[in-house]
Amino acid sequence: MIRGKAWVFGNDVDTDVIIPGPYLRTKDLKSLAAHAMEGLDPEFACKVQKGDVIVAGKNFGCGSSREQAPLALREAGVSCVVARSFARIFYRNAINVGLPVVEVDLKCEEGDEVEVDLAQGTVTIGDRTYQGTKLPDFLLEILQDGGLVAHRRREKEGVL
Amino acid sequence: MAGQTLSEKIFSRASKKEVRAGEFVMADIDKAMVHDITGPLAVKGFHEIAGEDAKVWDPSKIVILFDHQVPADSLNAAKNHLLLRNFGKEQNIFNYDVFEGVCHQVMPEKGHALPGKLIVGSDSHTCTYGALGAFSTGIGSTDMASVFATGKLWFMVPQTLRLMADGRLPSRVTSKDLVLRMIGDIGADGATYMTCEFAGSVVSRMKMPERMTMTNMAIEMGGKTGLMEPDEIALAYLRERVDDLDEDAVLHGDEDARLDERIWDVDDLEPQVAVPHNVDNVRPVGDLVGTKIDQVFLGSCTNGRFEDFELACEVMKDEPLAQGVRMIVIPASRTEYMKALRAGLVEQFMESGAIVESPCCGPCMGGSFGLLGPGEVGLSTSNRNFRGRQGSPDSFVYLCSPATAAAGAVTGEITDPRDF
């Protein structure tokens, strides 16, 4: 179960505002995290606490294929992104780097306590529980392993 | 049972079973491309998955090139180039290095994009190669790492949305105006995870560069790829570039395939402009006439080809740039640069006061040079106008055709290119 405080954003949050182009020179995860969401809120990286949840509207993560976008959010401490819909490259990338994503339409205020049951695809805020899109089992397994790299290594080591 | 769409046929071939939209498949990848921004993470992921001494699944199916930060514009960029250069050497992968230009021009131009094939690139505009009848799509670095290791990737077979355009485009109204109008009507997520199949009499008459402008922009309406039925024009383009082109391997969609369709009549289409900060915020140029411009960018994988430059030069004639306006011209590849050079277009741009750069992505993704400062306005032939995309988060990018960009360069404000 994932529990965290909500940071609320609107529709069409693109990968250029999640991690602006000038910061793509580095593979250093800490410096990616320091600029997470900078295009929309330059203070976000300082304010976000480990475990917090991003709640957004439609088409979250539209734009480029840069995997640095979900990496920056994960490294900044974001535990899950809940959105009405996702752009598909971001959706795959998030799962691949072990950042949980849930597609669901819900009402949420900034700062609300959000509880996400990934296996069920549900999100609970106060006394309201919303049913979102449940991930297929093979994607849940990738997330449970912490991303595609760890998942493939487990496969290779014959654990699976 | 209904027939299959072109993308269903490509996924059936690549997964060795007959599949339809909505099914999950594990598919064999025919070609994989990485560049200098997303490649280093893919290499890191590959070693983490497969081991430090591991070999890629098939070096002949991978292409490396550098285009986003070339020539190396910082020490970090130089280190990224070095990492990929060494990886290419160790793994025996062909590397175009800094020499040839922007990936989405170089891949078709050098014969890597073939009809009926499944192609992935670690760049969202990989959807461009669908203009040649390939299913090509952008993926992230970890997916690419997995492709390097196994040559396979999972997909959900996408539904097809056919975007039909009939009629004749008026003079100085281009395929860019048409695709911007389509994006405006469909919305930034209106085709999420769909194959955007462009068709109709207008598309059939277009040459390859105009077609690639359209498939390039499919991602801007959420499309998994842009696609066109490979016809004689596409095959002629391929025959010039591929010695052993297997024309029997070319796939076509069935007439009774299940798909959705939207139709546009283009006879009265005006030049279109995407207004900050969303690509689907599209308005006719007439609504924006008089908007002051600081910088014009003519280039990118969307509109950096010889034909785009020819049209821009025709609009600009011998006029100098407007007072206070900068114009950056960047050919999409060395080949396109040479064509422009031989035709005297580079000279004409330089005479007007424009800066002509060597082939690269330039200001398009804001990670290199030619950036906009706070409050500045850019008019650009590229594909995205997101906040901060070409520099300061407080700058403004308007997207348009090469004709509209050229008209703006000489007047200093957004101008209808048909008035020239």
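A nonpolar core, as I use the term here, is a set of buried Ala, Val, Leu, Ile, Met, Phe, Trp, Tyr and Cys residues joined through side-chain atoms within 4.5 Å. Buried means under 20% relative accessible area, exposed means over 50%, and partly exposed is in between (1.4 Å probe, protein chains only).

**Ground rules**

This is a predicted model, and local features need pLDDT of at least 70, side-chain atom pairs count only at pLDDT 80 or more, while totals for chains, interfaces and linings use all residues. Residues are numbered from 1 along each chain as its sequence is written, chains are lettered from A and ligands numbered from 1 in the order in which they are written, and side-chain values use heavy atoms, with hydrogens and water left out.

**Entry 1: the core**

I looked up the largest nonpolar core and got 59 residues. The residues with the most contacts inside it are Leu163(B), Leu178(B), Met182(B), Phe198(B), Met214(B) and Met221(B). Next I noted which elements of chain B give it two or more residues: α4 (103-109), β8 (160-166), α6 (175-186), β9 (195-199), α7 (201-205), α8 (208-216), α9 (232-239) and β18 (396-399). Helices here are DSSP runs of H or I with at least four residues, strands are runs of E with at least two, and both are numbered from the N terminus. Of these, α6(B) gives the most, with six residues.

I stayed with helix α6 of chain B and picked out Ile186(B). Ile186(B) counts as buried because its relative accessibility is 13%. What does Ile186(B) contact, leaving aside neighbours within four places in sequence? I find Leu161(B), Leu163(B), Ala191(B), Met221(B), Arg262(B) and Trp264(B) (contact means heavy atoms within 4.5 Å). I also checked Ile186(B) against Thr335(B): they are 149 residues apart in sequence and 34 Å apart in space, C-alpha to C-alpha.

Gly226(B) sits in strand β10 (residues 225-227) of chain B. Gly226(B) has 0% relative accessibility, so I log it as buried. With neighbours within four places in sequence left out, Gly226(B) is in contact with Cys127(B), Gly130(B), Cys196(B), Phe198(B), Thr215(B) and Ala218(B).

**Entry 2: Thr404(B)**

I found Thr404(B) in helix α14 (residues 402-411) of chain B. Its relative accessible area is 0%, so Thr404(B) is buried. Not counting residues up to four places away in sequence, Thr404(B) touches Pro271(B), Val273(B), Val285(B), Leu379(B), Thr415(B) and Pro417(B).

I went looking for cis peptide bonds. The bond from Val70(B) to Pro71(B) is cis, with omega near -20°, and Pro71(B) lies in the loop between β3 (62-64) and α3 (75-91) of chain B. Pro276(B) and His277(B) are also joined by a cis bond, with omega about 0°. His277(B) is in the loop between β12 (272-274) and β13 (282-284) of chain B.

Then I turned to positive phi. Lys16(B) is not a glycine, yet its phi is about 60°. I place Lys16(B) in the loop between α1 (6-15) and β1 (24-28) of chain B. Is Ser300(B) buried or exposed? Ser300(B) is buried, because its relative accessibility is 2%, whereas Lys16(B) is exposed at 67%. The phi of Ser300(B) is near 85°, positive in a residue other than glycine, and Ser300(B) is in helix α10 (residues 300-303) of chain B.

**Entry 3: where A meets B**

The contact takes 36 residues from chain A and 44 residues from chain B. The buried area is about 3500 Å², and carbon and sulfur atoms give 55% of that; buried area is the accessible area (1.4 Å probe) that two parts lose on being put together, summed over both. In chain A, Arg25(A), Lys27(A) and Arg92(A) lose the most area to chain B, together 23% of what that side buries.

I count three salt bridges between the chains (a side-chain nitrogen of Lys or Arg within 4 Å of a carboxyl oxygen of Asp or Glu). Arg389(B) and Asp16(A) meet through their side chains in a salt bridge at 2.8 Å, N to O.
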